[in-house]
Amino acid sequence: MPDNRDPMTARTPGLIIGVVDDDPSILRSLEWLLESADYSVRAFAAGADLLESGCLTEIACLISDIDMAGMDGFELLRLVHDARPDLPTILVTGYPETLKRLSLQGRSVSRVFTKPFDGQELLTAVRDTLRRSDHAET
């Protein structure tokens with residue numbers, strides 16, 4: 001299979017990153033950041049919106065806030081991993097104390113970021129996560 005990755009950036013163009021955050025400004029910022037790095041983005045204001053969208057199968061990596069009204073990021077993570085156990089997932093939170101609950105969830109995540117976080121560090125984490133997943137060969 002040909003290697004379609006851009007040798008200058010080590011990114012595969014066109015991969016879709018799903019983003020879930022109930023803060024519209026953060027959701028928009030993440031969308032712009034990821035698009036600036038040539039990723040396609042599916043942005044959702046709630047976990048239920050992602051699950052109902054039907055696009056879970058096309059997402060190469062999921063970035064989700066933990067602390068959301070209604071379905072929180074931990075519940076979303078459980079439901080997503082029930083459907084796609086190997087989907088690389090990055091969690092973000094504005095409340096570091098909630099990370100203690102992550103170890104109780106028994107689910108693995110690729111990386112966790114505390115808001116505010118460095119955008120370039122997030123892009124590096126996405127790239128590294130995709131490189132370790134099946135999408136490195138796309």
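**Salt bridges, helices and sheet in a predicted model**

Student: Is Arg127 buried, partly exposed or exposed, and what is its relative accessible area?

Tutor: The model is a predicted one. Buried residues lie under 20% relative accessible area and exposed residues over 50%. Arg127 falls between these limits, so Arg127 is partly exposed, with a relative accessible area of 24%.

Student: Which residue does Arg127 meet in a salt bridge?

Tutor: Side chains of opposite charge can pair when their charged atoms come close. For Arg127 the N to O distance is 3.3 Å.

Student: How many salt bridges does a search of the whole structure find?

Tutor: A salt bridge requires a side-chain nitrogen of Lys or Arg within 4 Å of a carboxyl oxygen of Asp or Glu. Over the whole structure, the number of salt bridges is eight.

Student: How many residues apart are Asp65 and Lys115, the pair that links distant parts of the chain?

Tutor: The side chains of Asp65 and Lys115 meet in a salt bridge at 3.4 Å, N to O, and both residues are buried. Asp65 belongs to strand β3, whereas Lys115 lies in the loop between β5 and α5.

Student: Which residue is linked with Asp65 and Lys115 in a network of salt bridges?

Tutor: Asp65 and Lys115 form a salt bridge with each other. The network that holds this pair includes one further residue, Asp21.

Student: Which parts does the pair of Glu121 and Arg111 tie together?

Tutor: Glu121 forms a salt bridge with Arg111, and their closest N and O atoms are 2.6 Å apart. Both are partly exposed, Glu121 with a relative accessible area of 36% and Arg111 at 32%. Because Glu121 and Arg111 are ten residues apart in sequence, each in its own element, the parts tied together are helix α5 and strand β5.

Student: Which strands stand at the edges of the open sheet?

Tutor: The sheet has five strands in the order β2-β1-β3-β4-β5, with parallel pairing. Neighbouring strands are turned by 15° against each other on average, direction ignored. An edge strand has a single partner, so one side of it is left without a neighbour in the sheet; these strands are β2 (40-44) and β5 (111-114).

Student: Which residue in β5 does Leu91 stand opposite?

Tutor: Strand β4 covers residues 89-93 and pairs with β5 in the parallel sense over four bridges. The residue in β5 opposite Leu91 is Val112.

Student: What angle does the direction of helix α5 make with that of β5?

Tutor: Helix α5, residues 119-132, packs on the sheet and touches β1 (16-20), β3 (61-65), β4 and β5. Relative to the direction of β5, that of α5 makes an angle of about 170°.

Student: Within what arc do the buried residues of α1 fall, seen down its axis?

Tutor: Helix α1 spans residues 24-36, and its buried residues are Leu27, Leu30, Leu33 and Leu34. These residues pack against β1, β2, β3 and α5, whereas Pro24, Trp32 and Ser36 are exposed on the other side of the helix. The buried residues line one face of α1, because they fall within an arc of 130°.

Note on methods: Residues are numbered from 1 along each chain as its sequence is written. This is a predicted model: local features need pLDDT of at least 70, side-chain atom pairs count only at pLDDT 80 or more; totals for chains, interfaces and linings use all residues. Side-chain values use heavy atoms; hydrogens and water are left out. Two strands pair if DSSP finds at least two bridges between them. Helices (H or I, at least four residues) and strands (E, at least two) are DSSP runs, numbered from the N terminus. Axes are lines fitted to C-alpha atoms, for helices over the stretch in contact, and angles run from 0 to 180 degrees between N-to-C directions. Contact means heavy atoms within 4.5 Å. The expected span of a helix is 1.5 Å times one less than its number of residues. Buried means under 20% relative accessible area, exposed over 50%, partly exposed in between (1.4 Å probe, protein chains only). The arc is that of the directions from the helix axis to the C-beta atoms.
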